[in-house]
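Please keep both in view while reading.

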Amino acid sequence: MFSEIRSFSDPQQHASSILGWQQVYDQQSCGSFSSELRQVAADHFQIFQESLGKRTVQHGRSPKGRLCIALLLSADRSPLVLGQKVGAHNVVLLRDGEEFLLHSPEGLCFLGANVDLVRFAKLAALELSSDKLELLKSMPQLSLSEPVLQRVRQRIYPVFECLLQRSEPVNAAVEKMLEDTLLDAFLDLFSHASEEGRDRRGSSAVCAYLVKRSQELAMEAGAESPISIIDLCEQLRVSRRTLQNSFQVITGTRPVEYLRNLRLNAVRRRLVSTPASRLKVGEVAAEMGFYHLSHFATHYRALFGEYPSETRRA
């Protein structure tokens, strides 16, 4: 069994340190990044807690063969998962390598956990009604009462804290007991869950789609021919105002700023992973479509709190 508590000053180092997750974290608010990750991972379950000091965009895939939940602990404002707001009484669900897109606000702190999907599905089939099983298969998030959420936290958190503080190895029998405790908490969660109202999903889903497609189109265009807002409007068949409003709803920023920040994050990841002797800052910037170096350096420093020349290289 693996356990650790770590702090980070780089969002992608944080993202890649969470075992089993394929994901990228892009910083979106300005200043030096700081975060903490607390995690425990065994063969058939995982529990982790993330605290993020800056607004980030998280995208990727959840672990294969796992049912994942996330419970909000604190945030300055509501995070958005696939365009849907996550409230204090919501639980986010991801299943079996499912793709996700999370816009997390500054000060976000949440608790995540996952269990073996096949084993849980067998247990759920014995206990849950057909309506509850349908929620398990398809819903992106569930709504629960505060007493139920508190009960679930009280089952998961003591296990989590115990494993983080434990110095001696955990034998197979203890690991199995901990896994069963987690499965029991998951069953309790689904037994009392209700579907988050469908009526609020329509417009936010459209906004989320436009932001996601804009990001995909920008990446497909590449550095040699950076996509413009007009290009996006033409390809998505929407007005500039619709695109602007969609980005404001989902990301809290303008399309130009958001897409530029994605490219700046890509530059930072490239700098961190390559030695200065192999690639100069200007070359990396040009790879991502930044040709005016002084403007690039200004935007980079505004976002990350340091000049690109100050970023620690591999």
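## Overall build

The model described here is predicted. The protein chain contains 11 helices and 13 strands. Computed along its principal axes in the computational sense, the C-alpha trace spans about 60 × 50 × 30 Å. A compact globule of 314 residues would have a radius of gyration near 20 Å, and the value of 21 Å for the protein chain agrees with this.

Of the 314 residues, 49% count as buried. The accessible surface of the protein chain amounts to about 14,900 Å², and carbon and sulfur atoms account for 52% of that area. As for charge, the chain carries 38 positive and 36 negative side chains, and the centres of these two sets are 4 Å apart.

## The open sheet around β10

Which strands make up the open sheet, and in what order? Five strands form this sheet in the order β2-β5-β10-β7-β8, and their pairing is antiparallel. Its edges are β2 (22-27) and β8 (84-85), each of which pairs on one side only.

Within this sheet, β10 (residues 99-104) pairs with β5 (residues 56-61) over six bridges in the antiparallel sense. Strand β10 is mostly covered, with five of its six residues buried.

## Strand β11 and its partners

Is strand β11 (residues 108-116) enclosed or open? Eight of its nine residues are buried, so β11 is largely enclosed by the rest of the structure. Strand β4 (residues 45-52) is joined to β11 by eight antiparallel bridges, and F45 has V115 as its bridge partner in β11. Strand β6 (residues 66-74) likewise pairs with β11 in the antiparallel sense over eight bridges; in this pairing A70 stands opposite G112.

| Strand pair | Sense | Bridges |
|---|---|---|
| β5 and β10 | antiparallel | six bridges |
| β4 and β11 | antiparallel | eight bridges |
| β6 and β11 | antiparallel | eight bridges |

Most residues other than glycine have a negative phi.

D96 is not a glycine, yet has a positive phi of about 45°. D96 lies in the loop between β9 (90-95) and β10. With a relative accessible area of 36%, D96 is partly exposed.

R237, also not a glycine, has a positive phi of about 60°. R237 is placed in the loop between α7 (229-236) and α8 (240-250). Is R237 buried or exposed? R237 is exposed, because its relative accessible area of 78% is over the 50% that sets the limit for this class.

Terms used: Residues numbered from 1 in each chain as written. Predicted model: local features only at pLDDT ≥ 70, side-chain atom pairs only at ≥ 80, totals over all residues. Heavy atoms only, no water. Helix = DSSP H or I, 4+ residues; strand = E, 2+ residues; numbered from the N terminus. Rg over C-alpha atoms; globule rule 2.2 N^0.38 Å. Buried < 20%, exposed > 50% of the residue type's maximum accessible area, 1.4 Å probe, protein only. Areas by Shrake-Rupley, 256 points an atom, 1.4 Å probe, with all protein chains shown as cover. Lys, Arg positive; Asp, Glu negative; His and termini not counted. Charge placed at Lys NZ, Arg CZ, Asp CG, Glu CD. Pairing = 2+ DSSP bridges.
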